[in-house]
Amino acid sequence: MSSLYSVLKGDFTPRILRRYVLIEALVFWGLIFIAWMLYPRENRYSIMTHTFSFLGSFESKHSPRWWWIFSIAMTFWGTANVPLVLYAHRRFATISKWGARVGAGLFLVGCVGIVLIAIFPDARGTVIGNWEWTEIHEKAAVAVAAGFILGILWHGALLLKDLLFCRGDSIFQHRKFTGPYLFWGTVTGIAAYYLISWEFIYADMKAAAAASGVRIGSSWSEALNTRYSFPLWENVVIYTFFAFLVWFMLVLPNELPGNHSKRSAPN
């Protein structure tokens with residue numbers, strides 16, 4: 001029971017941490033795989049045309065029978081991330097207590113957003129007053145993106161501060177973070193490049209079509225099945241973020257000041 005409590009509060013040993021993230025990955029992606037396998041074949045799910053959330057949409061054109069599997073997966077992922085956030089918080093508190101609180105707060109906003117995505121599927125129909133399921137879902141998705149993107153950048157800034165001002169007594173091995181940040185930054189940058197580029201390309205297409213009297217589809221539909229497809233890059237960014245988070249947690253220092261050293265955490 002005490003070991004379970006330790007895990008819930010993010011007090012991991014190196015071996016338990018590795019087991020935890022492995023189990024988290026197997027359960028989450030296992031459920032996502034099942035949701036994908038049970039997605040109706042006639043609806044033809046593809047990352048080129050379907051967002052990640054469409055696996056959990058109960059609309060008839062998506063997965064009206066098995067949508068709830070995606071909701072279970074997202075609820076699990078959002079809650080399973082909380083002990084990892086607490087684990088990271090205690091380590092970043094050795095750099096800055098208030099900075100670590102801000103970083104943990106941003107990550108927790110992302111975790112709450114993931115759970116809300118599970119609770120409010122991307123589907124039509126009113127759920128609260130005049131609010132539709134998809135409207136709340138979209139706001140939850142914004143919370144996920146804002147919380148985790150800002151959280152990743154904030155923790156990167158704390159690491160940079162530690163590298164520049166730690167005076168040799170840091171518990172962090174800063175070079176270990178180069179890999180996950182380079183990986184995440186590269187993929188996210190490529191995604192942003194294509195999605196932003198498409199806005200200009202589509203504007204030119206629309207202007208040319210209007211000049212010739214031809215009607216074209218929406219920005220969303222015209223980009224599908226191309227390298228500018230939003231669903232494509234949304235899926236890729238989600239896979240990348242999951243990998244980043246696992247990698248990031250695994251390269252954090254396990255020992256804290258007071259275990260083998262007497263360094264105190266600055267305010």
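Biologist: Which helices are included in what covers the buried residues of H6?

Modeller: This is a predicted model, so local features need pLDDT of at least 70 and side-chain atom pairs pLDDT 80 or more, while totals for chains, interfaces and linings use all residues. Residues are numbered from 1 along each chain as its sequence is written, and side-chain values use heavy atoms, without hydrogens and water. Helices are DSSP runs of H or I with at least four residues, strands are runs of E with at least two, and both are numbered from the N terminus. The cover of the buried residues of H6 includes helix H5 (133-165), helix H7 (219-223) and helix H8 (230-250).

Biologist: Which residues of H6 are buried?

Modeller: Buried means under 20% relative accessible area, exposed over 50%, and partly exposed in between, with a 1.4 Å probe and protein chains only. In H6 the buried residues are Pro 180, Tyr 181, Trp 184, Val 187, Ala 191, Ser 197, Trp 198, Tyr 202 and Ala 209.

Biologist: How far does H6 reach from its first C-alpha to its last?

Modeller: H6 covers residues 178-212, 35 residues in total. The expected span is 1.5 Å times one less than the number of residues.

Biologist: Which residue follows H6?

Modeller: Its phi is positive, near 75°. The residue is Gly 213.

Biologist: In what order do the elements of the protein chain run?

Modeller: The chain has eight helices and two strands. From the N terminus on, the order is α-α-α-α-β-β-α-α-α-α.

Biologist: What share of the contacts between residues at least 6 apart in sequence joins residues at least 24 apart?

Modeller: Contact means heavy atoms within 4.5 Å. Take the contacts in the protein chain between residues at least 6 apart; the share joining residues at least 24 apart is 70%.

Biologist: Gly 56 lies in the loop between H2 and helix H3 (67-92). Is Gly 56 buried or exposed?

Modeller: Leaving aside neighbours within four places in sequence, Gly 56 is in contact with Trp 67, Phe 70 and Pro 121. Its relative accessibility is 1%. Under 20% is the cut-off, so Gly 56 counts as buried.

Biologist: How far apart in space are Gly 56 and Trp 77?

Modeller: The two are 21 residues apart in sequence. From C-alpha to C-alpha, the distance is 14 Å.

Biologist: Which residues form the nonpolar patch on the surface?

Modeller: Patches take residues with over 30% relative accessible area and no salt bridge; like charges are joined within 9 Å, nonpolar side chains (Val, Leu, Ile, Met, Phe, Trp, Tyr) within 5 Å. Accessible areas come from the Shrake-Rupley method with a 1.4 Å probe, and for residues only the protein chains shown count as cover. Met 37, found in helix H2 (residues 14-37), is partly exposed at 38%. With about 440 Å² of accessible area together, the patch is Phe 33, Ile 34, Trp 36, Met 37 and Leu 38.

Biologist: How many salt bridges does the structure hold?

Modeller: A salt bridge needs a side-chain nitrogen of Lys or Arg within 4 Å of a carboxyl oxygen of Asp or Glu. Glu 59 pairs with Lys 61, with the closest N and O atoms 3.9 Å apart. Glu 132 meets Arg 124 at 3.2 Å, N to O. The total is two.

Biologist: Where does Arg 44 lie?

Modeller: Phi of Arg 44 is positive, near 50°, in a residue other than glycine. Arg 44 is exposed, with a relative accessible area of 67%. Its place is the loop between H2 and H3.

Biologist: Where does Asn 225 lie?

Modeller: Asn 225 is also no glycine, and its phi is positive, near 65°. At 56% relative accessibility, Asn 225 counts as exposed. Its place is the loop between H7 and H8.

Biologist: How many disulfides does the count come to?

Modeller: A disulfide is a pair of cysteine sulfur atoms within 2.5 Å. Cys 111 is buried at 3%, and Cys 166 is buried at 13%. By the distance rule, the count of disulfides is zero.
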